[in-house]
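Have a look, then read on for strand pairing, a helix contact and confidence.

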Amino acid sequence: MKKNWPILVVDDEEVMRESMAAWLREDGYRVDTAADGQQALQLAKATDYVICFIDLKMPGGMDGIETMMEIRRVRTETSVIIITAYATVDTAIQAMKEGAQEYIVKPCNPQEISMLVSRIMKFKKLESENAILRKKLSRQYRHHDIITKNPRMEEILSLTQEIASLRSTVLIRGESGTGKELVARAIHFSGNRSEKPFIVVSCAALTETLLESELFGYEKGAFTGANGQAKGKFELADQGTIFLDEIGDISPKLQADLLRVLQERRFYRVGGNQEVGVDVRIIAATNKNLSEEVQQGRFREDLYYRLNVIEIRLPPLRERREDIPLLAEHFVQRISSELSKDLGGISGAALKVLIAYDWPGNVRELENVIERAIVTCHNGMLDDQDFLWLPRQASSSQNWEVPDVPLDELERRAIIAALERKHGNVKEASVALGIDRSTLYDKLKRYSIAH
């Protein structure tokens with residue numbers, strides 16, 4: 001059971017509030033307290049509490065029901081337990097109708113509270129594990145499964161929703177580890193082909209001959225060992241989507257074959273003389289600059305234009321540092337559950353270490369780093385000491401002491417400093433910060449920074 005999952009106690013009576021907090025802390029839980037609804041709401045906005053104990057009657061401002069409703073607007077998964085000295089059927093029914101999971105009557109019994117919290121925690125842990133398992137088994141990722149608060153990523157997700165049910169070819173560009181397949185899956189499973197196959201082909205993993213038979217299938221006797229007819233990935237993806245990862249690595253011959261499929265949605269199996277027609281949506285991905293590859297003569301210009309109907313460029317993680325805490329917390333929850341390791345989360349000090357790193361391997365590297373830290377962690381929470389082995393590369397973050405301020409303020413200061421160094425030149429400041437100009441303009445607007 002995750003005893004480091006946080007609990008909030010809200011009661012205007014100090015003795016009651018602190019007594020309950022002390023009982024819970026004795027059981028090993030992490031507990032915060034609030035004297036009124038407004039204070040509770042502010043705490044809930046900053047911390048994702050698993051359970052909130054809320055007094056029904058609080059003088060002035062919000063009462064218990066209002067406080068519960070406001071908290072559940074920002075934390076929909078939080079379990080609320082109403083505390084009342086007015087144990088009537090009406091109050092219980094009202095509390096349950098508005099979303100309370102339980103209610104308890106003053107004076108509270110420490111043993112009763114202990115058992116109640118233990119039961120809810122066990123249910124939450126099981127619920128979390130089941131959700132992770134279902135997601136792993138189905139791999140049906142949709143837009144709401146992509147974790148971000150970055151303006152550029154939110155624009156991308158908005159675009160992917162618009163195109164989800166179209167047959168138009170999509171080209172996803174981005175560095176390795178930025179989540180190209182995740183975005184491709186979100187497009188497929190959010191559209192009208194979601195019940196049909198989603199087939200992934202790694203173009204860089206196979207030789208030309210193997211990739212040809214993998215994509216188009218083969219007839220009996222087409223080559224040594226071809227003992228029967230086999231369908232290729234395009235046929236298997238009929239009515240659905242085929243995701244061609246690392247499309248920039250395919251050979252000139254396969255580029256020509258693929259061009260024909262894009263133009264006519266028809267092809268021949270290897271060793272065959274009968275055309276096969278398919279209705280398939282093509283989503284391609286690459287970490288290369290294909291327009292540059294075209295100029296260098298390594299990629300067909302006509303194929304590039306066929307693929308590049310809708311282009312999506314995923315920003316690297318260093319351009320969306322505000323997402324690092326969200327992603328880190330998600331990975332901690334998921335991986336600790338998979339490894340059956342009881343962890344309460346990741347500390348602010350650890351998050352600052354992660355934010356200061358440049359992540360050349362992007363989100364995939366962050367996931368691997370979190371997994372290693374969880375495996376070697378011997379405390380109830382990941383701290384900065386669990387990341388001492390993380391390389392300190394020569395970069396903008398080297399020899400930079402991260403101040404003890406909120407993450408948004410950290411980013412705001414970095415932007416102002418870059419603009420000052422570049423004398424207000426937004427283009428040069430964006431290069432210095434390692435982000436594109438449109439992302440910097442979004443952040444200037446967000447932080448109301450004059451330029």
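## Strand pairing

Strand β6 (residues 170-173) lines up parallel with strand β12 (residues 310-313), with four bridges between them. Strands here are DSSP E runs of at least two residues, helices are H or I runs of at least four, and both are numbered from the N terminus. Two strands count as paired if DSSP finds at least two bridges between them. Across this pairing, L171 sits opposite E311 in β12.

β6 also runs parallel to β11 (residues 281-286), again joined by four bridges. There, I172 has A285 of β11 as its bridge partner.

## What the numbers rest on

This is a predicted model, where local features need pLDDT of at least 70 and side-chain atom pairs count only at pLDDT 80 or more, while totals for chains, interfaces and linings use all residues. Residues are numbered from 1 along each chain as its sequence is written, and side-chain values use heavy atoms, leaving out hydrogens and water.

## A helix contact

Helices α16 (residues 407-421) and α18 (residues 437-446) pack at about 115°, their axes 11 Å apart. Axes are lines fitted to C-alpha atoms, for helices over the stretch in contact, and angles run from 0 to 180 degrees between N-to-C directions.

On the α16 side, D408, E411, I415 and L419 make the contact, and on the α18 side L440, K443, L444 and R446 do (contact means heavy atoms within 4.5 Å).

## Confidence

The chain's pLDDT (the predictor's per-residue confidence, from 0 to 100) averages 86, and 91% of the residues score at least 70. Residues 394-400 fall below 50.
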